[in-house]
Each structure stands twice: as structure tokens, then as C-alpha cells.
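Subject: Structure handover

Hello,

My notes on it follow below.

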Amino acid sequence: MEEVELPKLENDQKSYAGIPEAVFLDDVEQFMKDSGNEESVEKVLKNFDEQHNKYRFMEYNMISRRRRLRQQIPDLTKNLEMIKILREQTDDQETQFLLSEQVFVKTTMPPTKTVCLWLGANVMLEYPLDEAEELLRLNKKSAEVNLRCLEHDQEFLRDQITTTEVNMARVHNYDVKKRQAKKASGDEKP
């Protein structure tokens, strides 16, 4: 697969899918004061956990989309190769095709100038070889660009997941230190 150029992102965008950016907490104490949750660390952790779960859900969807695209690109390449073979065919050719699971049928295939392509949603259309080749090339290029965009978004999403996990750990550590300081000063009752 040749290198595919990614489309340009808009000025304020960092992902193609519009994934919200996780903000790194430089100063946890200041964040807790600013957010008004100084006493409710559980509420802040719950919000971070909710954000983390959303990122994980997005990651799961991206992984399945990536798997489909990685499967689709070789299929499109094989289809393009088949069109090339059909274009070069001058006389009848004997072949086998899949009828159902593990069942093949022998047939004789005459030279043809058209092919039928599945478009999805139980729709099949007959195309001349040139049009079919053009459509398959466009679909392949589009799938390659989508795959590259998806890979870019997955990298960005991994960074957001890591940032969220670090923020959760920092807020938890802040709470532990705060409790230890209270205990050391004798403010906390057993």
C-alpha cells in the first residue's frame, strides 16, 4: 500500500472524528479549588472515570472500524486484479466459484465487458469494466484515506486515555496526601 496523504485538519481540530481533548492537570490543588469540588474528590474521580469510559468506548469502535477497513482494502485490490483479468480474457475460461460454505461449482465463463458489483444493503449493479474499475479505485483510495485518518485518531485517542488516567491518579494521590495531612494534624476522628 502506497503512502496516503491525510486531509488537512481545521485550525482548532486535533482529530478527524472530533474527539474531545483531555486537559492535563498541572496543579491538582488549584483545579480542585477552581472546580468547587475541594471536599468531593469522589465526584471529580467519577467525572474522570466517565470521561475515561467514553474514550474506551470510542477506542473499541475505532478498532472494529479499522479491522473492517483493513479487510476491505485487500478485497478491493483483488477485485481490481479480477477486472484486469476479465479485460484480458479473449476466449471461454473454465473456473470454479463458491456456491455456499465449502461448496464450489465448475463453470465456463465467456469473455465479458461487464461485471456486477455489490454496493451494500442487498444492492448489486452491473457496470462496464471501465466504470467498475474506476468505482473500485475510488473506493480503495477512500478506504485507504479513512484508514490513515482512523490510525491518526487512534493515536490521539490513546494520548487522551493516558492523560485521563494520569489525571485520575493525580487527583487520587492529592486526596491521599490531604487525608494523611489531616490525620497527622489530628483533625480526623477515628
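Where is A121 found? A121 sits in the loop between strand 3 and strand 4 (123-128). Helices (H or I, at least four residues) and strands (E, at least two) are DSSP runs, numbered from the N terminus.

Two notes on the basis. This is a predicted model, so local features need pLDDT of at least 70, side-chain atom pairs count only at pLDDT 80 or more, and totals for chains, interfaces and linings use all residues. Residues are numbered from 1 along each chain as its sequence is written, and side-chain values use heavy atoms, with hydrogens and water left out.

A121 has a phi near 55°, a positive value in a residue other than glycine. A121 is exposed, at 76% relative accessible area. The classes are buried (under 20% relative accessible area), exposed (over 50%) and partly exposed (in between), with a 1.4 Å probe and protein chains only. N122 is in the loop between strand 3 and strand 4. Phi of N122 is also positive, near 55°, and N122 is not a glycine. N122 is exposed, with 74% relative accessible area.

**Helix 3**

Helix 3 covers residues 129-185, which is 57 residues. From first C-alpha to last it reaches 83 Å, close to the 84 Å expected at 1.5 Å a residue. The expected span is 1.5 Å times one less than the number of residues. Just after helix 3 comes G186, with a positive phi of about 85°.

T164 lies in helix 3. T164 is buried, at 0% relative accessibility. Leaving aside neighbours within four places in sequence, T164 is in contact (heavy atoms within 4.5 Å) with A22, F48, Q51, H52 and Y55.

**Cores**

A nonpolar core is a set of buried Ala, Val, Leu, Ile, Met, Phe, Trp, Tyr and Cys residues joined through side-chain atoms within 4.5 Å. The largest has 22 residues. I19, Y55, V115, L117, A132, L136 and L157 touch the most other members. Helix 2 (41-88), strand 3 (114-120) and helix 3 each give two or more residues to this core. Helix 3 provides the largest share, 9 residues. A132 is in contact with I83, V115, L117 and Y127, leaving aside neighbours within four places in sequence. Another core lies apart from the largest one. It has 9 residues, among them L25, V44, F48 and M168.

**Largest pocket**

The search runs on a 1 Å grid over the protein atoms alone. A pocket is an open set of points where a 1.4 Å probe fits, with protein on both sides within 12 Å along at least five of seven lines; lining residues have an atom within 4 Å of a point. The largest pocket holds about 490 Å³ of space. Its lining has 19 residues, and L76, N79, L117, W118 and L136 lie nearest the centre. Helix 2, strand 3 and helix 3 each supply at least two lining residues. Helix 2 gives the most, with 9.

**Strand 1 and the cysteines**

Q96 lies in strand 1 (residues 93-100). Q96 is partly exposed, at 48% relative accessibility. Q96 touches F104, V105 and K106, not counting residues up to four places away in sequence. Q96 and K106 are 10 residues apart in sequence and 4.4 Å apart in space, C-alpha to C-alpha.

The disulfide count (pairs of cysteine sulfur atoms within 2.5 Å) is 0. C116 is partly exposed, with 45% relative accessible area. C149 is buried, at 10%.

Best regards

Definitions and conventions
Grid points are joined across faces, edges and corners, and a volume is the space filled by probe spheres set on the points.
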